[in-house]
Amino acid sequence: MQLDNLEREYMCPGHVGCPGCGAAIAMRFVLKALGEKTIMIIPACCWSIIAGPYPQSTLKIPVLHTAFETGGAVASGVRAAEDIKGDSETTVVTWAGDGGTFDIGFQALSGAVERNENFIYFCYDNEAYMNTGVQRSSSTPYGAWTTTTPGQQWKRLRKKNIVEALVAHRIAYAATASIAFPEDLIRKVTKAKSITGARFIHIFSSCPTGWGMPSEMSIKIARMAVQTNIFPLYEVEEGIRYTINFTPKGYLVNEYFRLQGRFKHLNEKDLAHIQEMVDEDWNLLLRKAGSRPEIS
Amino acid sequence: MASQQPLTTRSPLIIPCSYLTTEGNKTGSWRFLRPQYEEKTSPCSSACPSGEDIARIQMLTAQGSFKEAWETILMENPFPGVCGRVCYHPCELQCNRREFDETIAIHTIERFLADTASRYELKFGLDKLPEKKQKVAVIGSGPSGLAAAYFLALLGYQSDVFEALPEPGGVLRWGIPHYRLPPNILNEEVSRLQDFGVRIHCSKPVSRKFLKEAKNNYDAIFLGCGHSQSLPLSIPGEDLPGVKNGLDFLKKIRRGDIPALRGTVAVIGGGNTAIDAARSAVRLGSKVILVYRRRQQDMPAFAEEVEMALEEGIEIRELETPVEIESQKKDLVVTLQKMRVAQEDPQGRARIKPEGKKRKKIRVQHLLIAVGSSAAEDWYDLPGKKRGVIKLNNCVLVHRSREPALVYGGDLTASIKSVVHAVASGKEAAMALDVLFREGPGTIESTLKACLVGIGPSLSMEIYLGGPRVKRSHSIVSYDNLNTDYFRFAPAISQPRLLREERLQSFAEINLKIGASLAIRESERCFNCGICNQCDNCQLFCPEIAVIRDQNPQGRHINYEYCKGCGLCVVECPRNAMALEEERS
Amino acid sequence: MKQVLEGSHAVAEAVRLARTQVISAYPITPQTHIVERLSEYCADSTLAARFLRVESEHSALAALIGAATCGVRTFTATSSQGLALMHELLHWASAARLPIVMANVNRAMAPGWNIWADQTDSLAQRDTGWIQLYCEHSQEVLDTTIQAFRLAEWLNLPVMVNLDAFFLSHTYEPVDLPKQNVVDRFLPPYQPRFQLDTEYPCAFNQLAPPNIYMEMRHNIQTAMDEGLAFFDQVEDEFEDIFGRRYGSLEAVHCKDAEVILITSGTVTSTSRQVLTKLRKKGEKVGLLKIKLFRPFPLKAIRELTASAKKVAVVDRNFSFGASGIFAQEIRAALCNHPGHPLVYGYVAGLGGRDVTTAVVEEIYRLTKGNDMPQQESIWVGLHEVDHAIGQS
């Protein structure tokens, strides 16, 4: 793919995201692929703030800010209205954080996907409630510190596998993507745009503020999440056909964890346990993609 | 119809609905770190004695801009065709890519560019500075003398090059066999210099008297007469008829005086001349034994040359040194003393001692001595430390009142005797003389220091002339400074060569040409350490849309009104062409 | 053309006649007959609307928030628990100034589970910024629902049309069903004042800091104030076309009444019978039906009750720790009005218990017989309970 073809910006400077915000980068890429004929629904999330206060908007497309748990439902309504108006050209998308997707908005998302509403749901995942000050969500990974999993109460539960949950709905298209792999991300958005029905793209979006890392590491960390299999890049069509888009080089998870303050309490044993979980998930994914699991 | 008209007036709506963009928020005020474009020095260019801008040459080659790439070489080195063949390429040893997979074949690309320029008869477009009144005499038309004359011409000075032999080139012509450097290549490069204004006077040996008379005609004299005098072995039998010195042997071959050589040849020595003589002898039909007093790994000859010599069937006898040569009928019997490694010097080179009385005799038909050389005339010898003597990295300058300045260069001053060091010497001399003529001797050293490539000792003419390279930081990009996530493993191209059998038949050039696609593929492997190749990552990943493309040579600038100083652009620059500094409020 | 319709079907017919474009709903007893009928109309193309069968009432309203922001005519129906689940988005819809029309079948809140008539569900949402209308019979349900779209779209405020569970929703009555072309005259296509538009991209509902939030809220209050006058004009026009009007308040024999019964919903019909009976006996009693609860027609209430000595407010709803909710509103309306009547509050008919003529007569008797209200609300007809935990 030629990124040069995607010169146009649909975001203005002056937005109020934190320095190095992965969610801002994700938005920039996604809009380049979607283009101007897009209506975006933003339930409560960091982007409710990033987009700018009244009377501003940093985006050059129409945006509907909505309540936290309504991403799937509001988009359904917008799509219905656009259909009734005879506008089939406009792409309706929801842009939600992990809390609004994995937790409070999961019901509305599940409903919309079950109804096969003709829209794309983007979840930019920064693995906690960042906008409210880094509280744990069901997307927060095993091992992470948050303000509600402090000290020795760090999260000892797995991150919810949202893509698999939606694949279980036989969703028309589901994919993971990363801000560190813009070509892959833009290809997936472009592909999703060409498909009719419910589509879901899960974008790993680093958060320097919440993860306790320097802002300049945003992309590096996102890349490492893919390289280590912590966040594999893959896509699933019709809930059946799996394609793995990036075959990792077999990096170990330790380095990824070492660079982030939210994991600094983890010891070697914890990391070994996490490595086991990552390997297990990867092998499960390989099986689904029809590949032979790796013996670890 | 009542329903068609408003029944009552209604108030305007005040709702949360945008009518402005966020462009009014000057988020640049958040910044406490400031990213900026800051090109740095690649380790290869710093390692190149003549300071070639290798990262840029590779970038231009990868873009298919072969002429521009070739001219970039010419800015620092007038001999891409020669150096693309005979340089021992210390650049490749420092290539950051070695830590990733394999070095870039810089040497091969240099030769490719020279071949391409030759094939398409490219004319180089470097502009000379306005003509100056000072004139310089250059003694010797070897690589250092020609380089000095070339760079002087570039700086606007006229010079006369005096060559004792009937053709120009010095060691390039007489000391390097054709299979490494075909004569047409040298001729082409020399005539390009002549077209550029370098005047060469052949068959004009220069005497001590000339120096005395020069002050009437010249403002400076560059001594680049090289080491043409072979050193003797100083053992009995050295004067026997079958014993010759290596340099003379090579010179005779170049003249066509030795069509064939039968029997067994012993070559004494481990330098490049020894290897060249040995490999030439093989091509003339003889069996060759190379005798070296230290170990093979200690040989001053370039390792690649030694390897090829072995491939070509030359037998290397290490840790042996001749002590006597006797004549028996038509043969020579050489007595070899076995040596042993007493210790290693800090560089790992062996210090040797005779191993008791262990001796051995070999019977050969010819013996070639190539154990080193020195200046042919004693007045070529360097002056000691005294007033008016400025010792630079690659030459020594003597300035005297009411006398022409004298610069000793080339092999006379070089610690490593290589073509590229000779070029470096000529370039340094030209710069030093220019400073001397314009400002006097006081600022020579400081001016040259500012032109170092990285930490030196190589110098850049482009920097001296205030070209774009001036802006580059002297800090050298290390492997850790790179973001190697953007590079994929790819093996280096291997230099295509004549088969061993083909090599032994003739003096045909061993290394073959490569095509443009291969050259592009190889130069694409280059990390372009420290320089911007317009990959656009900074623009792509900027969360603030604060990297703006424009028409300036950088191709883009940072909009500090909005840049929050996150530093992503700097980290995601694959090649360390940016820097993050603390914001000065 | 007269038809015999359930109250639920009267809602559905009105929504059809309004050419509603997007409907979104989740089933709850006793609202189901509304959405079933509308589903049929959408299925057989009688109504060219998109019907979203969402997974909750919350999503039902959320979907309409999306649709209405695109500038189309929208409708949903719910009841009780469903309305309570919508609570967050009720605020959202009004503050986003979306003209969504909703039918709420007034049903009791659980626990214990109770599907029968009770107004506490909608009255608990009185502060969400919705226009609230309470209907007495099926014809009024139909007419009010059609009017609701005019109100909503002109004022940019959502409208809730309330009808009592079963007493109205499941009761068949003869209804004059207007023709489509006549309704079209009254209700032209929706002309939105704003909408999501890729040609003119704006963001809606973003962060509103303290420097603007109050003005936005005051703007809603202004619309509510304008709504009182506008409601009357809508009724004038409706009357011109359809020959019917209801008024935001309906006063029966109030001018000379010493005691005025104040009612809403189906209790009004029962009260009408009692009124006729008592008037025949020479009692100076009047009846005030409150149809428009938000905006509250405060001035009109003051004027219509000005000559009475006492008002008896019948509430099929309750605010725990205070009193019946209509009674509170009436007290608040009258307190700054010199010489206002005494306000007697009665709670009756919660959770679907019948408010019979006898109950209303008892209320009148208690009001007439007491010189001062004994307590804020009297619970009428409470039974003895056989078992209570901790009872000795």
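# Exercises on a predicted three-chain model

The domain assignment of chain B gives domain 1 (27-39 + 532-582), domain 2 (48-124 + 485-524), domain 3 (135-228 + 375-449) and domain 4 (232-372); such bounds come from an automatic or database domain assignment. This is a predicted model: local features need pLDDT of at least 70, side-chain atom pairs count only at pLDDT 80 or more, and totals for chains, interfaces and linings use all residues. Residues are numbered from 1 along each chain as its sequence is written, while chains are lettered from A and ligands numbered from 1 in the order in which they are written.

## Exercise 1. Domains 2 and 3 of chain B

Task: Describe the contact between domain 2 and domain 3 of chain B.

Solution. Start with the centres. Over C-alpha atoms, those of domain 2 and domain 3 of chain B are 27 Å apart. Next, count residues. Domain 2 of chain B gives 18 residues to the contact and domain 3 of chain B gives 24. Two residues are in contact if their C-beta atoms, placed from the backbone, lie within 7 Å. Now look for the main contributor on the domain 2 side. Helix α4 (residues 80-86) of chain B has the largest share, five residues. Helices (H or I, at least four residues) and strands (E, at least two) are DSSP runs, numbered from the N terminus. Last, sort that side by class. It holds eleven nonpolar, four polar and three charged residues. Here Ala, Val, Leu, Ile, Met, Phe, Trp, Tyr, Cys and Pro count as nonpolar, Asp, Glu, Lys and Arg as charged, and the others, Gly among them, as polar.

## Exercise 2. The largest nonpolar core

Task: Find the residues that touch the most other members of the largest nonpolar core.

Solution. Define the set. A nonpolar core is a set of buried Ala, Val, Leu, Ile, Met, Phe, Trp, Tyr and Cys residues joined through C-beta atoms within 7 Å. A residue is buried if 20 or more other C-beta atoms lie within 10 Å of its own, exposed if 12 or fewer, and partly exposed in between; C-beta atoms are placed from the backbone. The largest core has 395 residues, and B:V267 and B:V407 touch the most other members. Helix α14 (residues 419-439) of chain B supplies the largest share, twelve residues. Beyond four places in sequence, its contacts include B:G246, B:V288, B:L290 and B:L368.

## Exercise 3. Where chain A meets chain C

Task: Which element of chain A supplies the largest share of the side that touches chain C?

Solution. First, the totals. 39 residues of chain A are in contact with 35 residues of chain C. Then, the elements. β1 (38-43), α2 (46-50), β2 (63-66), α3 (71-84) and α5 (106-114) of chain A each supply at least two residues. The largest share, eleven residues, comes from α3(A). By class, the chain A side has 20 nonpolar, twelve polar and seven charged residues. Finally, check the strands. β2(A) and strand β9 (residues 203-204) of chain C run parallel and are joined by two bridges. Strands pair if DSSP finds at least two bridges between them. A:L64 stands opposite C:F204.
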